[in-house]
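Hi,

Here is the structure I promised to pass on.

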Amino acid sequence: MNEAILDHVKHEGHNIYTFWFRPEKKIDQIAGQFIEVHVPHTNPDSRGIRRWFTISSSSTTKELLSITTKMADKNGSSFKIALRAMAKGHKLKISDPMGDFVLPKDDSIPLVFIAGGIGITPFHSMITYLKDKQEKRNIQLFYGARELDELVFANELKQFEGLDFIPVIQNAPTNFKGQTGFLDSKKILEQIKDKRNARVYISGPEPMVEKFKKEFEELGINKNNLVCDYFPGYN
Ligand SMILES: Cc1cc2nc3c(=O)[nH]c(=O)nc-3n(C[C@H](O)[C@H](O)[C@H](O)COP(=O)(O)OP(=O)(O)OC[C@H]3O[C@@H](n4cnc5c(N)ncnc54)[C@H](O)[C@@H]3O)c2cc1C
């Protein structure tokens, strides 16, 4: 485990916060990977004192590393309450990064990113990395959120050249110009430009990712072209 200090917290949208940490030693991260975060606190609930979080920042941001998470509207865990209450300078433990939800080495592969809500975190890391490295990739990002103010990182993401940014909002305001309703596998498939070669990355709450994986397979997307990142614990 590595020691890290809470540097600052940023409010991103409705109940969504980014926690910026300063690790004691350099952490080697590949964009899209996750860490385990330990937050010891008094009277933890049955869900305990550890959680996995995707690193929402990129290794191109020197000295700091971030996670971004959503606080529950009700029945939030003691873990998240303790995390939110943490003062600047608080010390905590984080694991080394792990996971293979990362960009393919071959930069000619067209990429389709599908994010359900807070599932945007690995894509934010990858896109920040590509932008900072001035690497171009062909990416379509379908980003579903309940409300417009839960569409975090939208302004930053939109500025990435080569990214086709497609927000899909459930409760969209009447003047919203984009797509509305729920993310829908059939509709997404219709919009994928290179269905045969696209590598489709799906990230979000576990039931959503399971559903999309199954539907895309049924719709004929090759299993080897589906890459999934499941966030358990959201219902
Ligand atoms: C590889 C990986 C990467 C991840 N990356 C992220 C990330 O980038 N950002 C992120 O936010 N999460 C991420 N997660 C999920 C994260 O680890 C937590 O599971 C999630 O944030 C839910 O946190 P929580 O359990 O503290 O619940 P809360 O956020 O406090 O609550 C979530 C909801 O679940 C309900 N709930 C769930 N379990 C119970 C229970 N046992 N009793 C009562 N109510 C319950 C709550 O009422 C609430 O509505 C990731 C998980 C994995 C495995």
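Asn15 takes a positive phi near 60° in the hairpin of E1 and E2, where 2 residues sit between the strands. Before I go further: this is a predicted model, in which local features need pLDDT of at least 70 and side-chain atom pairs count only at pLDDT 80 or more, while totals for chains, interfaces and linings use all residues. Residues are numbered from 1 along each chain, as its sequence is written. Helices (H or I, at least four residues) and strands (E, at least two) are DSSP runs numbered from the N terminus, and two strands pair if DSSP finds at least two bridges between them.

E1 and strand E2 (residues 16-23) run antiparallel and are joined by 8 bridges, with Lys10 opposite Thr18 in E2. E2 also runs antiparallel to E5, through 6 bridges, and there Thr18 stands opposite Thr68 in E5.

The other sheet I looked at is an open one of 6 strands, paired in parallel, in the order E10-E9-E8-E7-E11-E12. Its edge strands, each pairing on one side only, are strand E10 (179-180) and strand E12 (226-231). Strand E7 (residues 111-116) and strand E8 (residues 139-145) share 6 bridges in the parallel sense, and Gly116 is opposite Gly144 in E8. Helix H5 (residues 206-218) lies across E7, strand E11 (199-205) and E12, and runs at about 150° to E11. For that angle, axes are lines fitted to C-alpha atoms (for helices over the stretch in contact), and angles run from 0 to 180 degrees between N-to-C directions.

Now the domains. The chain is divided into domain 1 (2-94) and domain 2 (111-231), with bounds from an automatic or database domain assignment. Their C-alpha centres lie 23 Å apart. The contact takes 16 residues from domain 1 and 16 residues from domain 2; two residues are in contact if their C-beta atoms, placed from the backbone, lie within 7 Å. On the side of domain 1 that touches domain 2, strand E1 (2-13) and E5 are the elements that give two or more residues. E5 gives the most, with 3 residues. By class, that side of domain 1 has 3 nonpolar, 11 polar and 2 charged residues. Here Ala, Val, Leu, Ile, Met, Phe, Trp, Tyr, Cys and Pro count as nonpolar, Asp, Glu, Lys and Arg as charged, and the others, Gly among them, as polar.

So where does the ligand sit? It lies between the two domains, because domain 1 (2-94) and domain 2 (111-231) both give residues to the shell around it. Of the 24 residues around the ligand, Thr69, Asn75, Ser77, Thr121 and Gly233 come nearest; a residue is near a molecule or strand if its C-beta atom, placed from the backbone, lies within 6 Å of it. Strand E4 (50-54), strand E5 (65-70) and helix H1 (78-85) each supply at least two residues of the shell, and the shell has 10 nonpolar, 10 polar and 4 charged residues.

Ile94 is buried, with 21 other C-beta atoms within 10 Å (buried means 20 or more, exposed 12 or fewer, partly exposed in between, with C-beta atoms placed from the backbone). Leaving out residues up to four places away in sequence, Ile94 touches Met1, Asn2, Ala4, Phe21, Pro23, Ile35, Glu36 and Val37. The C-alpha atoms of Ile94 and Asn75 are separated by 25 Å, at 19 residues apart along the chain.

Cheers
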